[in-house]
Amino acid sequence: MSAQSRSLLKSVPSHGDASEELALLLQAVKQVRANPGLSPRTAKLIAGGTPKMAQKLVEEAAEVAIEAVRGDRATTINEAADLLYNLTVLLSELDIDPSDVWAEMARRRERLGMAEKLPKVGKPE
């Protein structure tokens with residue numbers, strides 16, 4: 001990636017509304033942990049523990065990919081929302097706040113010019 005491309009990507013503002021939505025979702029999940037009756041589906045997922053949460057996350061990721069390949073925009077959006085929901089439930093199980101993820105993305109953006117996947121150790125960027 002060119003220096004100019006890195007500079008342009010670093011100047012793109014972050015979307016506070018996306019971060020805020022995930023923070024609100026995390027708070028809702030925490031409320032369900034304290035009072036399972038608020039959302040029986042979420043309570044059931046939490047009761048299933050990390051293995052069930054991880055399984056649901058993988059299922060939703062596959063559904064996003066399938067709908068994207070089909071070119072179904074509306075269904076891809078719905079499945080992406082399900083994916084983010086399941087990711088948030090799993091992160092909450094591990095006591096990981098979405099702000100920790102945003103901080104890692106910012107670190108990558110500073111290093112690479114965008115929040116892409118980091119290169120494997122020993123392989124050139």
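**View 1. Helices α4 and α5 pack against each other in this predicted model.** Helix α4 (residues 49–70) and helix α5 (residues 73–93) meet at an angle of about 160°, and their axes lie 8 Å apart. Axes here are lines fitted to C-alpha atoms, for helices over the stretch in contact, with angles running from 0 to 180 degrees between N-to-C directions. Helices (H or I, at least four residues) and strands (E, at least two) are DSSP runs, numbered from the N terminus. The pair α4 and α5 is therefore roughly antiparallel; angles under 35 degrees count as roughly parallel, over 145 as roughly antiparallel, 65 to 115 as roughly perpendicular and the rest as oblique. The crossing of α4 and α5 is left-handed, a term used if the near helix is turned anticlockwise from the far one by less than a right angle, with right-handed used if clockwise.

On the α4 side, the residues making the contact include Met53, Leu57, Ala61 and Val64, and on the α5 side they include Ala80, Leu83, Leu87 and Leu90. Contact means heavy atoms within 4.5 Å. Sorted by class, the contact of α4 with α5 has eleven nonpolar, four polar and seven charged residues. For these classes, Ala, Val, Leu, Ile, Met, Phe, Trp, Tyr, Cys and Pro count as nonpolar, Asp, Glu, Lys and Arg as charged, and the others, Gly among them, as polar.

A note on reading these views: residues are numbered from 1 along each chain as its sequence is written, and side-chain values use heavy atoms, with hydrogens and water left out. As this is a predicted model, local features need pLDDT of at least 70 and side-chain atom pairs count only at pLDDT 80 or more, while totals for chains, interfaces and linings use all residues.

**View 2. Helix α3 meets helix α4.** The axes of α3 (residues 40–47) and α4 come within 6 Å and cross at roughly 115°. From α3, Leu45, Ile46 and Ala47 touch Gly49, Lys52, Met53 and Lys56 of α4. This contact of α3 with α4 has four nonpolar, one polar and two charged residues.

**View 3. Helix α3 also meets helix α5.** Here the axes of α3 and α5 come within 10 Å and cross at roughly 50°. That angle makes α3 oblique to α5, and the crossing of the two is right-handed. Thr42, Leu45 and Ile46 of α3 are in contact with Tyr85, Asn86 and Val89 of α5. By class, the contact of α3 with α5 has four nonpolar and two polar residues, and no charged ones.

**View 4. Gly49 sits in helix α4**. With 16% relative accessibility, Gly49 counts as buried; buried means under 20% relative accessible area, exposed over 50%, and partly exposed in between (1.4 Å probe, protein chains only). Gly49 and Leu90 are 41 residues apart in sequence, and their C-alpha atoms are 8.8 Å apart in space.

**View 5. Asp95 lies in the loop between α5 and α6 (98–112)**. Although Asp95 is not a glycine, it has a positive phi of about 60°. At 67% relative accessibility, Asp95 counts as exposed.

**View 6. Stepping back to the protein chain.** There are six helices and zero strands. Of the 125 residues, 20% count as buried. Among contacts between residues at least 6 apart in sequence, 53% join residues at least 24 apart.
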